[in-house]
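Here is a short note for a colleague who is meeting this structure for the first time. Please keep the sequence and the model open while reading.

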Amino acid sequence: MKILIHQTRATATDCAAALIADRLTRQPDTVLGLATGGTMESVYANLIARHQVGGVSFARATSFNLDEYVGLQADHPCSYWHYMREKLFDHVDMDPHRAFLPKGDAADAEAEAARYEAAILAAGDIGLQLLGLGLNGHIGFNEPTSSLASLTRIKTLTQSTRDANARYFERTDDVPRLAITIGIGTILRAQEVVLLAYGAEKAGVVAQMIEGAVSAACPATALQMHRKVTVVLDEDAASDLALRNYYEQVHPRVSDPSI
Ligand code: F6R
């Protein structure tokens, strides 16, 4: 794993966005794996700003999002399709016919999960997978005890994940109990992975992901088995790392020039 520690979340975010922009510049027809959640909002805002000054184009890219809530139609204000349109797709030159999310309102959610996995395979698998990190160690909606070889399927969300995502809904009870998520095995097939985490509340799970034993109890530890993972952190999220000095020796900490 390549561990990049930034002084602030602003430069960490910029770094994650730059990794995506660079990949699209080198390979405009990249298959992107995209995430939602609070962490990604500033990454997408950064990519929109780059796009507006001609710094990045999505015109030839394909994208597959990690997950979608079961039962929500695409136009539901809390669906991840709605999030992606609002936070990214409507503001860049992404071809909407090549931007995919699982269909949360499919009549047969299991069949939809299998179809989505097959679509990722047919696209040649994900080139660059962007990930956030759940407080309980989930990636996508692969909750603790998910098989480390899992493919796209339905997962029951933990109460901690439903609580964390309640801010997007009127009431916690409105957060769906089930989601379709691409699997850990699907993520591990990606050519490269970029995971962004910031904030002190993620410090413990970040340390577990990077330095803990590989275990389904913390699904993100599966990334230790991947050949090309870049973990981008701010100082707060890096604060529990036992080998932090070593990571900073290999890749010196990036200062924020605005401070
Ligand atoms: C979202 C997703 C999740 C989030 C994770 C972190 O598509 O797959 O794994 O990345 O829950 O969420 P935030 O960024 O809100 O802390």
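The points below cover the basis of the model, the sheet and the ligand.

1. The model is predicted, with local features needing pLDDT of at least 70 and side-chain atom pairs counting only at pLDDT 80 or more, while totals for chains, interfaces and linings use all residues. Residues are numbered from 1 along each chain as its sequence is written, and side-chain values use heavy atoms, with hydrogens and water left out.

2. An open sheet of seven strands has the order S1-S10-S9-S6-S2-S3-S5, with parallel pairing; strands here are DSSP runs (E, at least two residues) numbered from the N terminus, and two of them pair if DSSP finds at least two bridges between them. Strand S1 (2–6) and strand S5 (99–100) stand at the edges with a single partner strand each, so one side of each lacks a neighbour in the sheet.

3. Within this sheet, strand S2 (residues 31–34) runs parallel to strand S3 (residues 62–65) and is joined to it by four bridges, with Leu34 having Asn65 as its bridge partner in S3.

4. Around the ligand there are 14 residues (a heavy atom within 4 Å), of which Thr36, Thr39, Asp67, His138 and Gly140 come nearest.

5. Oxygen atoms of the ligand lie 2.4 Å from a side-chain N or O atom of Thr39, 2.7 Å from a polar side-chain atom of Asp67 and 2.9 Å from a polar side-chain atom of Arg167. The ligand taken alone exposes 410 Å², of which the protein buries 91%, by the Shrake-Rupley method with a 1.4 Å probe.

Definitions and conventions. Polar contact = N/O pair within 3.5 Å; in protein donor to acceptor, adjacent residues only side chain to side chain.
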